[in-house]
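Here is my note on the model below. Please read the points with the coordinates open.

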Amino acid sequence: MKKLSALLITLSMFACFSACGDNASESLESSSEAPTSESSANESLGTSEESSGSESSSEEDDEENYETGDASLDNPRNQDDIGENELLVISFGTSYNDSRRLNIGAIENDIEKAFPEYSVRRGFTSNIIIDHVNNRDGILIDDVESALKRSVDNGVKKLVIQPTHLMNGLEYDDLVEAVAQYSDAFEKVAIGEPLLTSDEDFAKVEAALIAQTNKYNDDETAICFMGHGTTADSNEVYSKLQTLFDNDGYDNYCIGTVEAKPDIDDVIARVKAGEYKRVVIQPLMVVAGDHANNDMAGDEDSWKTALEAEGYEVECVIQGLGEDEAIRSIYVEHAQSAVDSIK
């Protein structure tokens with residue numbers, strides 16, 4: 001029990017919501033609540049409720065008929081020679097190569113710049129995504145257990161874990177449990193907070209989203225964000241963020257989800273309540289994967305087609321939150337707090 005107590009003390013600082021997800025259906029970016037048939041020892045970690053990406057396995061690998069970018073441009077960060085200090089960035093993952101590099105990779109790069117004394121490594125919670133990328137591109141990304149074993153095998157003494165999850169939920173709890181099983185292997189362990197944890201985090205995310213979309217902000221345009229959603233209590237983060245927009249006078253901003261409430265019908269009702277001619281939609285997810293490309297912007301049965309059917313001009317912005325420097329800085333701040341907690 002060398003440092004388990006320290007780990008639990010660190011975790012006690014975190015606000016606990018329940019769960020949410022950025023999941024998908026490809027493909028492989030999925031975020032459900034019940035465990036899938038993934039091959040990790042911690043299978044529940046592969047279910048993602050509100051993590052970085054959103055993919056599921058609705059299509060066979062050999063039937064993939066779309067381009068996701070050059071996988072060789074992405075750094076899987078599965079190198080050894082870690083040293084005594086490691087900062088492990090845990091994401092749900094995505095099989096969209098460009099999005100993985102531009103979002104998850106960008107977060108990892110910013111963390112690496114901020115903490116030169118730490119070796120930054122990567123872990124994904126979705127073994128479905130890991131297997132898909134490995135089978136398709138020949139690139140193996142560590143799952144949580146493999147990443148932790150790599151840390152142990154490399155003699156890491158001080159381990160800091162920064163998740164790219166959007167909120168404190170069920171998947172975050174699963175990560176905490178998985179890390180606790182390895183806590184005796186390290187001298188010091190700390191886990192950073194997800195993106196939307198404190199009131200200050202919500203305010204910063206609101207400001208970042210407004211800055212991203214300010215060029216569209218006029219009396220004739222509704223600006224809508226698509227989150228994943230969950231039946232768990234943490235689904236309330238969407239309404240909390242919506243309330244911030246409303247209270248700050250951004251009545252033309254609205255938030256919906258793919259898997260829960262508010263859903264696309266609620267989004268359409270809110271848009272109809274205003275005198276808008278155009279709707280801009282973009283994902284409220286760390287990566288822009290299957291949900292963004294298909295459920296949001298697809299040509300069939302998508303948010304785009306539903307809004308067009310109501311007579312609106314629709315523009316889709318395929319951009320994950322990880323592409324935004326202001327969003328990435330929040331993850332760096334949370335990692336800093338975790339690092340400071342074990343100095």
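1. Conventions. Helices (H or I, at least four residues) and strands (E, at least two) are DSSP runs, numbered from the N terminus. This is a predicted model: local features need pLDDT of at least 70, side-chain atom pairs count only at pLDDT 80 or more, and totals for chains, interfaces and linings use all residues. Residues are numbered from 1 along each chain as its sequence is written, and side-chain values use heavy atoms, with hydrogens and water left out.

2. Overall make-up. The chain has 11 helices and eight strands. Of its 343 residues, 58% count as buried (buried means under 20% relative accessible area, exposed over 50%, partly exposed in between; 1.4 Å probe, protein chains only). The accessible surface of the chain is about 13,300 Å², and carbon and sulfur atoms hold 44% of that area (Shrake-Rupley method, 1.4 Å probe; for residues, only the protein chains shown count as cover). Take the contacts in the chain with a separation of 6 or more: 81% of them join residues 24 or more positions apart (contact means heavy atoms within 4.5 Å).

3. The sheet. Four strands form an open sheet in the order β2-β1-β3-β4, with parallel pairing (two strands pair if DSSP finds at least two bridges between them). β2 (119-124) and β4 (188-191) are the edge strands; each has a single partner, so one side of each lacks a neighbour in the sheet. The twist averages 20° from one strand to the next (axes are lines fitted to C-alpha atoms, for helices over the stretch in contact; angles run from 0 to 180 degrees between N-to-C directions).

4. Strand β1. β1 (residues 85-91) pairs with β3 (residues 158-163) in the parallel sense over six bridges. The pairing of β1 with β2 is parallel too, over six bridges. L88 stands opposite I161 in β3 and opposite R121 in β2. V89 has Q162 of β3 as its bridge partner. Six of the seven residues of β1 are buried. Helix α4 (residues 144-153) lies across β1, β2 and β3 and runs at about 175° to β1.

5. The core. Which residues of the largest nonpolar core touch the most other members? They are L87 and L195, in a core of 50 residues (a set of buried Ala, Val, Leu, Ile, Met, Phe, Trp, Tyr and Cys residues joined through side-chain atoms within 4.5 Å). Helix α11 (residues 325-341) supplies the largest share of this core, seven residues. Beyond residues up to four places away in sequence, L87 touches residues including I111, F115, V160, A335 and V339.

6. D74. This residue lies in the loop between α1 (4-11) and β1. D74 is buried, at 8% relative accessible area. Its side chain makes a polar contact with the side chain of R100 at 2.9 Å (a pair of N or O atoms within 3.5 Å; within protein, one must be able to donate a hydrogen and the other to accept it, and residues adjacent in sequence count only if both atoms are side-chain atoms). Leaving out residues up to four places away in sequence, D74 touches R100, R101 and R122.

7. N78. Is N78 buried or partly exposed? N78 is partly exposed, with a relative accessible area of 24%. It lies in the loop between α1 and β1. The N78 side chain reaches the backbone oxygen of L140 at 2.7 Å. Neighbours within four places in sequence aside, N78 contacts L140, D142 and R150.
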